[in-house]
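Me: I want to learn how to read helix packing in a model. Can you take me through a case?

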Amino acid sequence: MGSSLGARGIGQTAVSTSIMTFGDPIEDLYWIYRRQRVPAFVTVLTGRTPQEYIPELGRYRIYEGKEALLYLIVRSLRPEKVIETGVQFGWSSLAILAAMRENGVGSLHSIDLPFVGHGHLTTDGNFDDTHVNAISDTGRCVPEYLRSRWDLRIVADPGASTAELRRLVSEGPLDMFFHDSDHTYANMTLEYGIAWPALKPGGVLYSDDVDRNRALDDFAQSVGRTKRVFRIHPGKPPSLGGLRK
Ligand SMILES: C[S@@+](CC[C@H](N)C(=O)[O-])C[C@H]1O[C@@H](n2cnc3c(N)ncnc32)[C@H](O)[C@@H]1O
């Protein structure tokens, strides 16, 4: 495995960035991860030290293992159509959209409920409540220049979210599904079950918070696949899981 992908910086000329492509995005990534652990595995994937890969990941403010992994999977898989459930401020959306921008291909459909943040303490000790009770904060960390590939659907309630997911998968096959919404066993099983039949062969079902319950284990068994899990937070159970169709 291994090939070079060109990467274009924001408002910059093209820079050469070596990110491996995989025969199997989940298996190959897992193989490397098992031997390296986060975040060193990112270095192995990119063939660069953190300081060197920062021009590509850091350019999009991607520093967390979860987003870095998502970014690399999207860079490797080069999906045309991705659906995610659960956006909140939009860090996962940003990682997916940034990778699509570098790939020059793909669109992301995201579903969430209205979400309003709670403000935060600024460094000078004041409370910034600009966004409290204001318009929805959903996806607000995704910059404008990444939004042309983004179809963000904010729906009223969980029932409408499921209906929207069904509608999106009925519009055509997908390359990747990312669950990060309501992490109950019932909802995870429901969403996996809607997305899986619509995934193209070789497509990837990817899920956060798989350590909360056995939903991914049971689902993997029901479709005859082996789940792969990634530990993102040192000392905590592996929480990101993937299945390849
Ligand atoms: C853990 S956060 C998502 C984090 C985000 N993916 C990220 O990486 O930054 C969970 C989100 O799921 C949303 N959510 C909860 N239940 C949902 C449902 N049934 N359908 C869609 N979104 C839901 C919440 O509004 C919240 O924004």
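Reply: Start with handedness. This is a predicted model, and in it the crossing of α6 and α7 is right-handed.

Me: Which residues of α6 and α7 make the contact?

Reply: From α6 come Thr162, Leu165, Arg166 and Val169. From α7 come Leu190, Glu191, Ile194 and Ala195. By class, five residues of this contact are nonpolar, one is polar and two are charged.

Me: At what angle do α6 and α7 pack, and how far apart are their axes?

Reply: Helix α6 spans residues 158–170 and helix α7 residues 185–195. They pack at about 15°, with axes 10 Å apart. Angles under 35 degrees count as roughly parallel, so α6 and α7 are roughly parallel to each other.

Me: Is Leu165 buried or exposed?

Reply: Count neighbours. The cut-off for buried is 20 or more other C-beta atoms within 10 Å. Leu165, in helix α6, has 24 C-beta neighbours inside 10 Å and therefore counts as buried.

Me: What does Leu165 touch beyond its neighbours within four places in sequence?

Reply: Its contacts there are Ile83, Thr85, Ile111, Glu191 and Ile194. Take Glu191: 26 residues from Leu165 in sequence, but 7.8 Å away in space, C-alpha to C-alpha.

Me: Now another helix. How many residues of α5 are buried?

Reply: Eleven of 13, so α5 is mostly covered. Among them are Trp91, Leu94, Ile96, Met100 and Glu102.

Me: What span should α5 have?

Reply: At 1.5 Å a residue, the 13 residues of α5 (residues 91–103) should span 18 Å. The end C-alpha atoms are 18 Å apart, which agrees.

Me: What follows α5?

Reply: Gly104, with a positive phi near 75°.

Notes. Residues numbered from 1 in each chain as written. Predicted model: local features only at pLDDT ≥ 70, side-chain atom pairs only at ≥ 80, totals over all residues. Axes fitted to C-alpha atoms, helices over the stretch in contact; angles between N-to-C directions. Helix = DSSP H or I, 4+ residues; strand = E, 2+ residues; numbered from the N terminus. Parallel < 35°, antiparallel > 145°, perpendicular 65-115°, else oblique. Left-handed = near helix turned anticlockwise from the far one by under 90°. Contact = placed C-beta atoms within 7 Å. Nonpolar A, V, L, I, M, F, W, Y, C, P; charged D, E, K, R; others polar. Expected span 1.5 Å × (residues − 1). Buried ≥ 20, exposed ≤ 12 C-beta atoms within 10 Å, placed from the backbone.
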